[in-house]
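Subject: Structure for your files

Hello,

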Amino acid sequence: MDRVTTASAAPAPIAFLKGHGTENDFVIVPDFQNALELPPAVVARLCDRRAGIGGDGLLHVVRSAAHPEARAMADEAEWFMDYRNADGSVAEMCGNGVRVFARYLQHAGLTDGGDLAVATRGGVKHVHLDKNGDVTVSMGRAVLPEDTATVTVDGRSWPATNVNMGNPHAVAFVEDLAHAGTLYDPPPFRPASVYPEGVNVEFVVDRGPRHVAMRVHERGAAETRSCGTGACAVAVAAARRDGADPAVTGAPVTYTVDVLGGRLVITERPDGAVEMTGPAVIVAEGQIDPSWLEAVQNGLA
């Protein structure tokens, strides 16, 4: 049986924090030496908004050298963001999560601010903690696979731009954000072969020059108030639609992306590098009751 704590007669409480980036919120579990096991059922209950702490996902904070998936990145990045979706599944990346992860490291005195590197399943991300409180993340280069899909909601269909930001996105430009429907369930897309492991789906409308707004269904979490990698994917797709691909024009392009929880600023440079800037806030910290956690693990809570 998997255990979520190391063996002991009386398990100690487990520390947690709560943070958000443009209202995309996370349970943060510091576990520097990777001593905790967090099976999907436990993560899902921790992220449950009624029976747990509540969050769109979980940030498991581990030293890279202590995690088998991150050891190869330890020389470049001391800390590994072991990110989990709200349903307990493992995810490659989370843009808002990286900003909140970096804010936690600063909050905990593990970095002085300025520049730092964070290891993720989507590679090492370089982060800058701005003095004004914003956090800028170098998200790497977008990949635009040739395979495309069509997204359908309530009888309406749109072609979707396929953008990979370390995780998969389908970006659909629509006339009205209400056309996205409730987003309780994953929006259907075809052909299924384009996204065999599921996809984050963004619905986008124009607000002005280089200014768009979006709603998103995040894979494993339903609709969220914000999605950082999604905002990057939207900006990249918009630049291609608008004839502003920096690789072609030779000039960087910046889009303002409004999400339900606030605003993100995305810049794509001629070399393909994508940067995301936005807020990140730590709002609370406390302890997880080990008896409750044990009951969850045993299927009794």
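In the largest nonpolar core, which has 53 residues, M81, M214 and I266 touch the most other members. Such a core is a set of buried Ala, Val, Leu, Ile, Met, Phe, Trp, Tyr and Cys residues joined through side-chain atoms within 4.5 Å. Helix 3 (residues 228-241) gives this core its largest share, nine residues; helices (H or I, at least four residues) and strands (E, at least two) are DSSP runs numbered from the N terminus. A second, separate core has 18 residues, among them V151, W158, L177 and V194.

This is a predicted model, in which local features need pLDDT of at least 70 and side-chain atom pairs count only at pLDDT 80 or more, while totals for chains, interfaces and linings use all residues. Residues are numbered from 1 along each chain as its sequence is written, and side-chain values use heavy atoms, with hydrogens and water left out.

Leaving aside neighbours within four places in sequence, I266 is in contact (heavy atoms within 4.5 Å) with residues including A231, C232, A235 and V253.

On the cysteines: there are zero disulfides (pairs of cysteine sulfur atoms within 2.5 Å). The closest cysteine sulfur to that of C47 is in C94, at 11 Å, too far for a bond. For C94 the closest is in C227, at 6.5 Å, also too far. C47 is buried at 4% relative accessibility, and C94 is buried at 4%; buried means under 20% relative accessible area, exposed over 50%, partly exposed in between (1.4 Å probe, protein chains only).

Regards
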